[in-house]
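Colleague: I would like to learn how to read features off a model like this one. Can we take them one by one?

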Amino acid sequence: MGSASIRADLKADDMKQGRRPERASRRRFLARGLAAAGAVAAGLSNNPLPAAPEVVIPSPNTTPKLRPDLVDEDSPKALEVVQLTTEPDVPSSHLYMEAQIFTMDSKRLVLHRSAHAHGSSKSDPKHQYLRCDLDDDCSLHPLTHETGAKGASVSPDGKYVYYFVDETETGGGRLVLKRVNLDGTDRQTILVVDSPLSGTSFRPSRIYPLSTISSDGKRLAISGFLGDGKTEGAPFGLMVFDLVKAAVSLVIHGPTWCNMHPQYCRSTDPEQSHDVLIQENHGNTCGTDGAIRRLVGGEGADIHVLRDDGTDFRNMPWGRDGNEFCQGHQCWRGRTSWAITSTGTRKPSEAQLIEGRAAPHAGHVGINTSGGVRNDLTREFPNPHFYHFATDIAGTRLISDAAPLGKDARIFLATLGEPGRDPATDFTFLVHPRSSCAKTAHIHPFLSPDGKLGFFNSDESGILQAYMVRGLP
């Protein structure tokens, strides 16, 4: 029996006896505080986990490891980089910057193996969602086993992971919504979509890799292609799943919603919790099977806010003026009703971070939306070129990658002031992730909810892996 099998058997036996298995080797190399990484939150979780399933140990070389070689001489003195995934022959990554994959105590998150920076193949049997326990030496635990698992979201109370099993095909197949406890137990099927969506003739396929869950944990949204494989210009649409009633409704659809990027507002306000940030790609083209041929054209994409019952369609005041273009990355600013997008401008030639609030729809006019409020967060940063970013749940800290993209790309941390007025300040260089920054290896930095830990992807080792940064200033 190999050493990996022995460790797995020992852990299983320990769990049966109610004991914690020893991890002497991990504790030696992480003596400086990996176990403390998950303890950065002020309080303990209200939902302590029972004994977890066996740790995923596909090979003897998959324990997390400190990476002092990724800390630069210009990095903050206390900064440390931890490589969370280390399988030498299977790529792993974080889900996405704004994906709802963290428990609110900042102790546990979901990542996935056999995946790239923008998702995974639905036919890949190696793909798995994993729970990473930061307060248990960053141990990894399997959450899914089904081929085709995608769109994982952690419930706001930290009890569950919702995800889809994509068995769809153009104009047919089925989409299964499942829920599993965060400890990997009590897997349940919530709903199976194997017929046209209610009130329509549409069958979803090409399911978007990311889902989004409402702040009250009652609704889950995801988008997909709605074509039959024969119709030119077939639509894409947003499906909202009622998790209480186990029902689904199609709330918006059309040919320009091919890269919708839906994100529920994280505000706990009863009204704002129904708002969904969505992206519209004007000038896109795709085949009858939904395969995208051109992602966007003309004056580019614009960003909207929609109530999750399909009403109150609004504009975000970004792009569409021939000079400013939305990059296609945006997120809510913590739990506020403000959102942030990354842009590209021709004059000056920059990539800025602009925050804004939704205003009534007045045509697809973006920056020229009447009543739109904008704030250039990067106006005091010299020649800004920012791309992928995220904030903490309070909306007071921001992390972003920055040019030059490629091996010399940088990650910065910044402080956010009053929404709609103040520029971001205290920009602090953190690390060079040394990623190739190819599409499958985007850095995609984000923060733990409490803002005390940073995360990114990199293929600096020759294969994509997930990393954590601790000791943030």
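Colleague: Which residues lie on the two faces of E31, and are they buried or exposed?

Modeller: In a regular strand the side chains alternate between the two faces of the sheet. In E31, Gly454, Phe456 and Ser458 sit on one side, and Phe455 and Asn457 sit on the other. All of them are buried, and both faces are covered. Buried means under 20% relative accessible area, exposed over 50%, and partly exposed in between, with a 1.4 Å probe and protein chains only. Strand E31 spans residues 454-458, and five of its five residues are buried, so it is largely enclosed by the rest of the structure. Strands (E, at least two residues) and helices (H or I, at least four) are DSSP runs, numbered from the N terminus.

Colleague: What should I know about the model and the numbering?

Modeller: This is a predicted model, so local features need pLDDT of at least 70 and side-chain atom pairs count only at pLDDT 80 or more, while totals for chains, interfaces and linings use all residues. Residues are numbered from 1 along each chain as its sequence is written, and side-chain values use heavy atoms, with hydrogens and water left out.

Colleague: Which strands does E31 pair with, and in what sense?

Modeller: Strands of a sheet pair through backbone hydrogen bonds, either parallel or antiparallel. Two strands count as paired if DSSP finds at least two bridges between them. E30 and E31 run antiparallel, joined by two bridges. Phe446 has Phe455 as its bridge partner in E31. On to strand E32 (residues 465-470): five bridges join it to E31, also in the antiparallel sense. There, Gly454 stands opposite Val469.

Colleague: What do the turns of these hairpins contain?

Modeller: The E30-E31 hairpin has six residues between its strands, and Gly451 in the turn has a positive phi of about 75°. The E31-E32 hairpin has six residues between its strands, and Gly462 in the turn has a positive phi of about 105°.

Colleague: Which residues other than glycine have a positive phi?

Modeller: Most residues other than glycine have a negative phi, and most peptide bonds are trans. Ser114 is one case with a positive phi, near 50°. It is in the loop between strand E4 (108-113) and strand E5 (128-133). Ser114 has 9% relative accessibility, so it counts as buried. Arg320 has a positive phi of about 70°. Arg320 lies in the loop between strand E20 (314-315) and E21. It is buried too, at 16% relative accessible area.

Colleague: Where are the cis peptide bonds?

Modeller: One joins Lys347 and Pro348, with omega about -5°. Pro348 is in the loop between strand E22 (339-345) and strand E23 (353-357). Another joins Ala403 and Pro404, with omega about 5°. Pro404 is in the loop between E27 and E28.

Colleague: How much space lies in the largest pocket, and what lines it?

Modeller: On a 1 Å grid over the protein atoms alone, a cavity is a set of points where a 1.4 Å probe fits but cannot get out, and a pocket is an open set with protein on both sides within 12 Å along at least five of seven lines; lining residues have an atom within 4 Å of a point. Grid points are joined across faces, edges and corners, and a volume is the space filled by probe spheres set on the points. The largest pocket holds about 1100 Å³. Of its 50 lining residues, His118, Tyr208, Pro209, Asn259 and Ile292 are the closest to its centre. E21 gives the most to this lining, with five residues.

Colleague: How many cavities are there?

Modeller: Three, counting those of 30 Å³ or more. The largest cavity has about 450 Å³ of space. Its lining has 34 residues, and nearest its centre are Glu98, Ala99, Gln100, Arg266 and Ile393.
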